[in-house]
Amino acid sequence: MPVLDRLRNSLLLAFLGASSVIVGHSQVPSGNAPHLEKRGNTTQLIVDGKPFLVLGGELHNSSSSSVEHMKPVWPHLAAMHMNTVLLPIAWETIEPEEGKFNFGDVDGLLEGARENHLKLVVLWFGAWKNTFSSYVPAWVKTNTERFPRVQMSNGMGTERLSPLSSAVRAADAHAFANLMRHLRDADQDARTVLMVQVENEVGVIPESRDHSPVADASFTAAVPSTLTGFLEKHRTTLNPELRAAWEAEGAKTAGTWQEVFGKTPLTDDLFMAWHYATYIEHVAAAGKAEYPIPMYTNAALIRPNYGPGQYNSGGPLPHSMDIWRAGAPSLDFLSPDIYFNEFAQWAGWYARPGNPLFIPEAQGGATGAANVLYAFGRLSAIGFSAFGVDDQDNAPLDLVGITNPAEHPDTSVLSSMYADLSKLAPMILEKQEVGGITAALIEGEAQRSAKQRIGEYAASITRTGGTSGARIGVMFIQTGANEFIVAGCGEAQISFSTDQHDLPIVGIESIDEEFFVNGAWVVRRRLNGDETSQGQALRLHATDLAQGRIYKVRLYRYR
Ligand code: DGJ
């Protein structure tokens, strides 16, 4: 069965909390450094002592290699209403010569962000970026003897450093520790850098595992007892696919990789996952010893029907998350880069107990605007970030009803969503902690409606617009037993029902249109008549976002 199908089958169990993932063992740093904290129902990112919602954008890969190039970009990013920029810092930039570090560019980037009141998530492009080792310094790249590569089964090398090499690991960890020491010295007071991503979309392609001599030897040696012990301890909550593979071989606590997990390509993937995880653990731990702010790594996801080696084999994917947690406890969470249409499904697989959801890369525009509502409202995400924000990422203007762009210097749909979310953030963060927030998503062409429970009510959301494929996101924030704030993205109509038998009919008591004026949400119009289908439904418009409009809905029940 293809991996994606197996994942799909395991969705139910995953939603039922079948997870052994535990929040990373990061030290809470001294002082007021950014950290994760369990608060009520959720885990939040705490910045300057307060919960923080990352409204982020990731730069194109080469933008942050030049402080000059970034100068005119920063103000544009700030104008897009994002509060955090995700940017690469490359090993080749900070350690061009072995042992000689240069943090001039890092300091310039910190300064640019601060001048524009932006926070940063640093992406450590160390040994790997999208499986390749293209960001390592020349002294690493060219010394293939000292720094061995992943090998194909025919003995040929690839431009990927082997995660089984202790020399690579030591050099990478040394560089990363130096970066984190510098960030501590240069930033612990300003707290511009919130978190660090360690490496980027690791894994091997086009074969499912490394075939270097060291890797071959390790593959036929015993699975480390740290891993089998973890599987035993967390057996009932393991990812169902991982558990099935392990149990199919008798849930052994000793044996080679194929004896423990079976003679399948998945075993290659799990083997690589263990080696990437333990490598990254070494690097992350070295960094945290210098400056313990939250750290994570990200996954490239799996296309339908792709097997190990067609996707990044060994990456932090849903089926190998337990291996990663066993091997890399210094990582605070694992993140998905979601470019696929099935946003709710993929995001849901990562929003597991103990693995707070942070999406470092995703589509922007109208798609991102709908998805971010779902991530924050339904999955209590700590952050969301669209990729490639420095090319302005403008969605078609007519989608938001903008006919004269000159009147709207900020024309990105996602920017408008961020503008609204930055005003709603205090409420969202509070409700993520105490409960009373949810969201729904209408994803594809085929989907016309969605249903979502909110308190004692059920909201039925139906697509009304002509752009049938556009996705629709709706966030509901409960502000009283019968009162809700509704923020939406897309053209839809929402009606309400209940499963409460005493008073089974739901009426709309009132709908008020609200805008954010002088620091507070204020009512502008009481909506009724044609604007609410004669008091029977809340209508969301394509222009809601661009105009900064949300709704306060009051419901009542009768028989
Ligand atoms: C995923 C990578 O993680 C990013 O760095 C970038 O290369 C994007 N893909 C491009 O779509």
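The model is predicted, so to speak of local features a pLDDT of at least 70 is needed, side-chain atom pairs count only at pLDDT 80 or more, and totals for chains, interfaces and linings use all residues. Residues are numbered from 1 along each chain as its sequence is written, and side-chain values use heavy atoms, with hydrogens and water left out.

**Cavities**

- Three cavities of 30 Å³ or more are found in the structure. On a 1 Å grid over the protein atoms alone, a cavity is a set of points where a 1.4 Å probe fits but cannot get out.
- The second largest cavity holds about 40 Å³ of space, a volume being the space filled by probe spheres set on the points, with grid points joined across faces, edges and corners.
- Its lining consists of Leu373, Met417, Asp420, Leu424, Ala487, Gly488, Asp544, Leu545, Arg549 and Ile550 (lining residues have an atom within 4 Å of a point).
- Helix H17 (413-434), strand E19 (483-489) and helix H18 (544-547) each give two or more residues to this lining, and H17 has the largest share with three. Helices (H or I, at least four residues) and strands (E, at least two) are DSSP runs, numbered from the N terminus.
- By class, the lining of this cavity has six nonpolar, one polar and three charged residues. Here Ala, Val, Leu, Ile, Met, Phe, Trp, Tyr, Cys and Pro count as nonpolar, Asp, Glu, Lys and Arg as charged, and the others, Gly among them, as polar.

- The largest pocket has about 520 Å³ of space; a pocket is an open set of points with protein on both sides within 12 Å along at least five of seven lines.
- Of the 24 residues lining the largest pocket, Asn41, Thr42, Ala351, Leu379 and Ser380 are the closest to its centre.
- Helix H16 (365-379) makes the largest contribution to that lining, four residues, and strand E2 (42-47), H17 and strand E15 (437-442) each supply at least two.
- Nine nonpolar, 11 polar and four charged residues make up the lining of the largest pocket.
- The second largest pocket, of about 240 Å³, is lined by residues including Glu201, Ile205, Arg303, Asp337 and Tyr339. Its lining divides into seven nonpolar, two polar and three charged residues.

**Helix H17**

- H17 has 22 residues and spans 30 Å from its first C-alpha to its last, close to the expected 32 Å (1.5 Å times one less than the number of residues).
- At Leu424, shortly before Pro426, H17 has a kink of about 60 degrees, the bend being the angle between axes fitted to the seven residues ending there and the seven starting there. Leu424 also lines the second largest cavity.
- Gly435 follows H17 and has a positive phi, near 100 degrees.

**Ligand site**

- Around the ligand are Asn61, Lys129, Asn130, Asn200, Glu201, Asp337, Tyr339, Glu361 and Phe387 (each with a heavy atom within 4 Å of it).
- Polar side-chain atoms lie 2.9 Å from a ligand oxygen atom for Lys129, 2.8 Å for Asn200 and 2.6 Å for Glu361.

**Backbone details**

- Most residues other than glycine have a negative phi, and most peptide bonds are trans.
- Ile205 and Pro206 are joined by a cis peptide bond, with omega about 5 degrees; Pro206 sits in the loop between strand E9 (193-200) and helix H9 (213-219).
- Arg191 has a positive phi, near 55 degrees, and is placed in the loop between helix H8 (166-187) and E9.

Notes:
Polar contact = N/O pair within 3.5 Å; in protein donor to acceptor, adjacent residues only side chain to side chain.
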